[in-house]
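Let's take a walk through this protein, starting with its overall layout and then moving to the places where its parts meet. Keep the structure open as you read.

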Amino acid sequence: MFEALKRYAEFSGRSRRKEYWLFVLLSVILNLIATVLDVTVFSSMLIEAEMGIVSAVVVLALLVPSLAVQVRRLHDTGRSGWWILIAFLPIIGGVVLLVFNCLEGTPGENRFGSDPKHL
């Protein structure tokens, strides 16, 4: 679960589905905890967009590792990390990235490195 955090800003290489989805689970849990803290403890310090201080810190802290693990996941499926920009397309972009993240990685070595499943 913490493998993605150990490789904090490493954009090269590949990440298995397990590493990616465990990181997503960790991010969701941390964001839920941050939201609860913001609502219960820091409700008087909400930012204009109604994002609390703790939530903002969590989002900023997880921004770089989120991008890095997403790029490595795309590498595992044999795609360039630039595919992450497809997320800017409303609805379609998110669906395409979701499909890419659910696909099994390229078996064996690809241009981004060796298969992380067999390390």
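The protein has four helices and zero strands, where helices are DSSP runs of H or I with at least four residues, strands are runs of E with at least two, and both are numbered from the N terminus. Reading from the N terminus, the order is simply α-α-α-α. What you're looking at is a predicted model, in which local features need pLDDT of at least 70 and side-chain atom pairs count only at pLDDT 80 or more, while totals for chains, interfaces and linings use all residues. Residues are numbered from 1 along each chain as its sequence is written, and side-chain values use heavy atoms, with hydrogens and water left out.

Along its principal axes, the C-alpha trace spans about 55 × 30 × 20 Å.

Now find helix H2, residues 17-40. H2 has 24 residues and reaches 35 Å from its first C-alpha to its last, close to the 34 Å expected at 1.5 Å a residue; that expected span is 1.5 Å times one less than the number of residues. Its buried residues include Tyr-20, Phe-23 and Ala-34, but also Glu-19 and Asp-38.

Where do the nonpolar residues gather? In soluble globular proteins, nonpolar side chains tend to be buried together. Here the largest nonpolar core has seven residues: Tyr-20, Phe-23, Ala-34, Val-54, Val-58, Leu-62 and Val-69. Such a core is a set of buried Ala, Val, Leu, Ile, Met, Phe, Trp, Tyr and Cys residues joined through side-chain atoms within 4.5 Å. H2 and H3 each give two or more residues to this core, and H3 gives the most, with four. Apart from it lies another core, of six residues, among them Val-71, Ile-86, Leu-97 and Phe-100.

Next, follow H3 (residues 53-76) to H4 (residues 92-102): their axes come within 9 Å and cross at roughly 65 degrees. Those axes are lines fitted to C-alpha atoms over the stretch in contact, with angles from 0 to 180 degrees between N-to-C directions. Gln-70, Arg-73 and Leu-74 of H3 make the contact with Leu-97, Phe-100 and Asn-101 of H4, contact meaning heavy atoms within 4.5 Å.

One last stop is Arg-72, also in H3. Arg-72 counts as buried because its relative accessibility is 0%.

Key: Buried < 20%, exposed > 50% of the residue type's maximum accessible area, 1.4 Å probe, protein only.
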